[in-house]
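Me: Could you take a close look at one helix of this model for me and tell me how it sits in the rest of the chain? Please include the cut-offs behind your terms.

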Amino acid sequence: MNLHRLDLVSLSLFSQVVRSGSISKGALLANLAVGAASKRISDLEAAVGAALFERHSRGITPTAAGLALARHAQRILGDVNLLAAELHDHASGIVGVARLWANTSAITQFLPADIAAFAKATPAIRIELAELNSGEIVLGVLEGRADIGIFADRTPALGLHLMPYREDRLVLVVPAGHPLAKRRSLRFEEATDFDVVSLSQGTSLAQRLQAETEAMGRRLRVRIQVRSFDAMCQMVAAGLGVAVLPADAVRALVRSLSLRQIPLTDGWARRQLLIGVRDLESLPRAARQLVDHLAGGRPH
């Protein structure tokens, strides 16, 4: 076995063949002639000392050795792509990257202005921002796929160092002609007799509503689950239910759709958004600068 004979072109071709189930299709995807692709696959098999594919009339399938190589090839090629991106950043004058994962509430209410201010002050740092559910964010930070996470309180975050970010306020959003539309404020319990438009079950907001409703001894009447605040407001406007949403995140939507938002007096309707990192001291310099900016100089 001589793994030093492996090269990136052959590994990329091999990955394409595994995905397509055909050497000819893999060759096309890799921009190689079929004959040249076949030769490279044969050379790979010689280098690892084992057959990588089983050939049959319907095409080819990877052997156990092929599957093992496919897993490692994917990781190697991914690392090469990351290296290329990082070197490109250095060539472009970028000196650092901060990977930030945040929930929808943070992204729609606070992060645009905060990130714009940070980018203006530190143009040599690039921020990679992804929008995910709070639980997914915590897992991503714990696993090292993100440097920084911003998520709602009550999200299990054992193992993370936490800092306060911002506070938001939940309101009940109803159509203009709804029986509750003229109320100045109310407790959420007063809305539990109506159908509810909710985010998907895995989100922190949906879980909070479910927990608080069960604590009242009531049942949350979820009629529709959607994936965005925009879709929730559209469903409310269509008369399909009421919704609980962050006030600042939906103010423009509420106005454009002629909806009404009513403040909730429940204590849980004020939510703390948190910044979470695995270890503040070991953060890359770019990510530490972003944390300091987002935390607003508050003590860690």
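Reply: Happy to! The chain has eleven helices and eleven strands, where helices (H or I, at least four residues) and strands (E, at least two) are DSSP runs numbered from the N terminus. This is a predicted model, in which local features need pLDDT of at least 70, side-chain atom pairs count only at pLDDT 80 or more, and totals for chains, interfaces and linings use all residues. Residues are numbered from 1 along each chain as its sequence is written, and side-chain values use heavy atoms, with hydrogens and water left out.

Now to helix 11, which spans residues 285-294. Its buried residues are Ala286, Ala287, Leu290, Val291 and Leu294; buried means under 20% relative accessible area, with a 1.4 Å probe and protein chains only. They lie on the same side of helix 11 because they cover an arc of only 140° around the axis, the arc being that of the directions from the helix axis to the C-beta atoms. An α-helix has 3.6 residues a turn, so residues three or four places apart point the same way.

What covers that buried side? The cover includes strand 3 (96-102), helix 6 (111-121), strand 4 (125-131), strand 5 (148-152), strand 6 (161-175) and strand 11 (270-277), with contact meaning heavy atoms within 4.5 Å. After helix 11 comes Gly296, with a positive phi near 65°.

Among contacts with a separation of 6 or more, 72% are between residues 24 or more positions apart.

Key:
Buried < 20%, exposed > 50% of the residue type's maximum accessible area, 1.4 Å probe, protein only.
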